[in-house]
Amino acid sequence: MKTKFSGRNVALMVVPAALVIGAVVVTPVVSDHLAEKRENFDRVRAQKEALYNARLQPCPEGIYHPGEEAIVLNPGEIGVDIFPAFDPPEGFRLSSTALSGYSGITGVSYPPPPPPPPGVKAVPGSPTDTTLRFKQRPPVALDQEVADRVHRVLKTEIVEADAERNLGLDGIGYVLRHDDKCATTWSPEPGTRAHKIVGLVHALNELSTKKSDEIGVLQEEVIRLTNELDADRRELLD
């Protein structure tokens with residue numbers, strides 16, 4: 001008796017075999033692809049972690065030169081000094097409500113010089129005139145939520161500063177303080193967390209030069225930079 005072959009019977013015999021062969025061929029390919037994706041993910045993750053860990057450094061002792069005294073902060077305030085290599089320093093104080101900048105000869109307060117000899121009057125603007133050590137700018141009122149977020153972000157970065165010390169011979173130095181904590185960085189490399197913090201510092205410093213009714217665009221930039229720092233933190237630490 002002849003066996004009848006139908007398309008259905010042929011399919012029932014061929015398809016399982018094809019599936020087995022396909023699985024044998026495809027499985028290593030898929031496995032290799034997944035392994036490659038994992039390697040790429042791990043490499044990108046490692047790069048991001050390296051950039052994140054390149055953040056602020058704890059201040060060494062003697063961060064201010066002998067004879068200098070850091071500008072006094074009120075409790076809870078954040079103070080930032082910006083020290084260009086060849087230009088007068090400047091900086092700002094940030095509370096949970098306002099931003100107050102300063103510039104001029106220096107962003108730190110030198111001790112008063114000795115008084116002039118008897119009968120000699122101090123000349124305004126001369127080294128013996130202690131009223132011109134730096135110029136304090138009028139405070140800028142910030143949006144409460146913005147001020148709180150920026151204050152929180154900078155405070156966290158100061159408190160958690162743990163990067164290895166790296167100082168240069170020229171460029172710009174930054175000193176950030178909160179209560180008894182102090183952190184610093186020196187012309188950080190683009191892409192690093194320290195560089196992003198410096199970007200926020202410069203935006204705040206420029207903001208401190210404006211009047212309260214002129215801060216709209218700059219405050220939006222401050223919000224963007226703060227959001228970016230927060231997002232990086234959540235991605236790598238949460």
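Is E77 buried or exposed? Select E77 to start the tour: with a relative accessibility of 10%, this residue counts as buried.

**Stop 1: the partner of E77.** Look at where the two sit: E77 is in the loop between β1 and β2, while R93 belongs to strand β3, and the pair links distant parts of the chain, 16 residues apart.

**Stop 2: colour by confidence.** Before going on, keep in mind that this is a predicted model. Mean pLDDT for the protein chain is 78, and 66% of the residues score at least 70. Helix α1 (residues 7-53) has the lowest confidence, with a mean of 65, whereas helix α3 (residues 193-207) has the highest, at 96. Select residues 109-114 next: pLDDT stays under 50 there, and the model has 13 contacts beyond four places in sequence for this stretch. Residues 123-132 also stay under 50, with 10 such contacts.

**Stop 3: the nonpolar core.** Which residues have the most contacts inside the largest nonpolar core? Select L154, L176, L200 and L204; the core they belong to has 31 residues. Elements that each supply at least two of its residues are β2 (78-84), β3 (90-94), α2 (144-159), β7 (172-178), α3 and α4 (216-237). Helix α3 gives the most, with seven residues. Now centre on L176 and show what surrounds this residue: among the residues that L176 touches are L56, V80, L154, I158, I197 and V201.

**Stop 4: from α2 to α3.** Show the side chains of E157 and R193, which meet in a salt bridge at 2.7 Å, N to O. Because E157 lies in helix α2 and R193 in helix α3, the pair ties together parts that are 36 residues apart in sequence. E157 is buried, at 4% relative accessible area, and R193 is buried too, at 3%.

**Stop 5: a longer reach in sequence.** Select D162 and R55, a salt bridge whose closest N and O atoms are 2.9 Å apart. D162 is in the loop between α2 and β7 and R55 in the loop between α1 and β1 (57-58), so this pair ties together parts 107 residues apart in sequence. D162 is partly exposed, at 47% relative accessible area, whereas R55 counts as buried, at 12%.

**Last stop: a network.** Finish by selecting K196, E221, R224, E228 and D232, which are linked in a network of salt bridges. The whole structure holds 12 salt bridges.

Conventions:
Residues are numbered from 1 along each chain as its sequence is written. This is a predicted model: local features need pLDDT of at least 70, side-chain atom pairs count only at pLDDT 80 or more; totals for chains, interfaces and linings use all residues. Side-chain values use heavy atoms; hydrogens and water are left out. pLDDT is the predictor's confidence in each residue, from 0 to 100. Helices (H or I, at least four residues) and strands (E, at least two) are DSSP runs, numbered from the N terminus. Contact means heavy atoms within 4.5 Å. A nonpolar core is a set of buried Ala, Val, Leu, Ile, Met, Phe, Trp, Tyr and Cys residues joined through side-chain atoms within 4.5 Å. Buried means under 20% relative accessible area, exposed over 50%, partly exposed in between (1.4 Å probe, protein chains only). A salt bridge is a side-chain nitrogen of Lys or Arg within 4 Å of a carboxyl oxygen of Asp or Glu.
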